[in-house]
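Subject: Structure handover, with notes on helix packing and a pocket

Hi,

Here is the structure I promised to pass on. My notes on it follow below; please have a look at both together.

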Amino acid sequence: MASYRKVLDLKPDYAEAHSNLGLALQGIGRLDDAVASCRKALDFKPNLAETPYNLGNALTGLGNLEEATLIYHKANG
C-alpha cells in the first residue's frame, strides 16, 4: 500500500494505482477506504477493468447491496 500511495503522491490521477490500492485496502478490511479508492479510479478511468467489481465487492462488504447491485449491472453493460 505504501508503494501505491507514493505513486499517487507523484501522479494523483493514476487510475490503476487507485484501483490497486482499493483492492489492497479491501484485503485488510478497510472497506470504506477501499470504496473511496475505487471511486477515484473510476473517476479518472471509468472503464478500468476489474475496478467496478472491486467496488461492488467492497460495497457488499459494507452491506450496501443495492448500490453494489447497480455497480455490477453497470459493469456488465
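The crossing of α2 and α4 is left-handed, meaning that the near helix is turned anticlockwise from the far one by less than a right angle. Helix α2 covers residues 15–27, and its axis comes within 10 Å of that of α4, at a crossing angle of roughly 30°. That makes the two roughly parallel (angles under 35 degrees count as such, and those over 145 as roughly antiparallel). Ser19, Leu23 and Gln26 of α2 touch Thr51, Asn54, Asn57 and Ala58 of α4, where contact means heavy atoms within 4.5 Å. By class, this contact has two nonpolar, five polar and no charged residues (Ala, Val, Leu, Ile, Met, Phe, Trp, Tyr, Cys and Pro count as nonpolar, Asp, Glu, Lys and Arg as charged, and the others, Gly among them, as polar).

A few conventions: this is a predicted model, with local features needing pLDDT of at least 70 and side-chain atom pairs counting only at pLDDT 80 or more, while totals for chains, interfaces and linings use all residues. Residues are numbered from 1 along each chain as its sequence is written, and side-chain values use heavy atoms, leaving out hydrogens and water. Helices are DSSP runs (H or I, at least four residues) numbered from the N terminus; axes are lines fitted to C-alpha atoms over the stretch in contact, with angles from 0 to 180 degrees between N-to-C directions.

Next, α3 (residues 31–44) and α4 (residues 51–61) have axes that come within 9 Å and cross at roughly 155°. They are therefore roughly antiparallel, and α3 passes α4 in a left-handed crossing. Among the residues in this contact are Leu31, Val35 and Cys38 of α3 and Pro52, Leu55 and Leu59 of α4. The contact of α3 with α4 divides into 10 nonpolar, three polar and one charged residues.

The axes of α4 and α5 (residues 65–75) lie 8 Å apart, at an angle of about 165°.

Finally, the largest pocket holds about 270 Å³ of space (the space filled by probe spheres set on grid points joined across faces, edges and corners). A pocket here is an open set of points on a 1 Å grid over the protein atoms alone, where a 1.4 Å probe fits, with protein on both sides within 12 Å along at least five of seven lines; lining residues have an atom within 4 Å of a point. Its lining has 14 residues, with Leu42, Pro46, Asn47, Pro52 and Lys74 nearest the centre.

Best wishes

Key
Angles under 35 degrees count as roughly parallel, over 145 as roughly antiparallel, 65 to 115 as roughly perpendicular and the rest as oblique.
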